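Here are my notes on this model, as numbered points. Please read them beside the coordinates.

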Amino acid sequence: MSDLAKTVGQRIRNYRTQLGLSQEKLAEFAGCHPTYIGQLERGEKNATLESIDKVSSSLNISLSKLFENLGGKSTNERNIPLECYEFLLSEFLTFRYSRIAWTVLSFKYTVRCLSPLPTT
């Protein structure tokens, strides 16, 4: 499949695992078959917008969040902390009980602490 399908699939997997959902539970919430979720996550299916909408709603994220910055950055500025976090999270999912797990959790905490406070 295309790189786009693989990218969207990886994002679906990341959001699903962040919520602690199994593929089966996500499929139940989205009203589709568990093997379909697996195929989406591996980028093996070109999903309809309707099915992607059901999945993103089940993950409690908007379609715009799921599709943001696809096909390259919309600005010249990259979000390096987010890119690092997503990379480390994917490594964490691969090696769930290794040292990388502590690295991811520490990095996430550090990014939160360094984020600017909202202004009123």
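1. Some terms first. Angles under 35 degrees count as roughly parallel, over 145 as roughly antiparallel, 65 to 115 as roughly perpendicular, and the rest as oblique. Helices are DSSP runs (H or I, at least four residues), numbered from the N terminus. Axes are lines fitted to C-alpha atoms over the stretch in contact, with angles from 0 to 180 degrees between N-to-C directions.

2. The model is predicted: local features need pLDDT of at least 70, side-chain atom pairs count only at pLDDT 80 or more, and totals for chains, interfaces and linings use all residues. Residues are numbered from 1 along each chain as its sequence is written, and side-chain values use heavy atoms, with hydrogens and water left out.

3. Take helix 2 (residues 23–30) and helix 3 (residues 34–41). Their axes come within 8 Å and cross at roughly 110°. The two helices are therefore roughly perpendicular to each other.

4. Which residues of helix 2 and helix 3 meet? Gln23, Glu24, Leu26 and Ala27 in helix 2 meet Pro34, Ile37, Gly38 and Glu41 in helix 3. Contact means heavy atoms within 4.5 Å. By class, the residues of this contact are four nonpolar, two polar and two charged. Nonpolar covers Ala, Val, Leu, Ile, Met, Phe, Trp, Tyr, Cys and Pro; charged covers Asp, Glu, Lys and Arg; the others, Gly among them, are polar.

5. Serine 57 is found in helix 4. Serine 57 is partly exposed, at 47% relative accessible area (buried is under 20%, exposed over 50%, partly exposed in between; 1.4 Å probe, protein chains only). The C-alpha atoms of serine 57 and phenylalanine 29 are separated by 8.9 Å, with the residues 28 apart along the chain.
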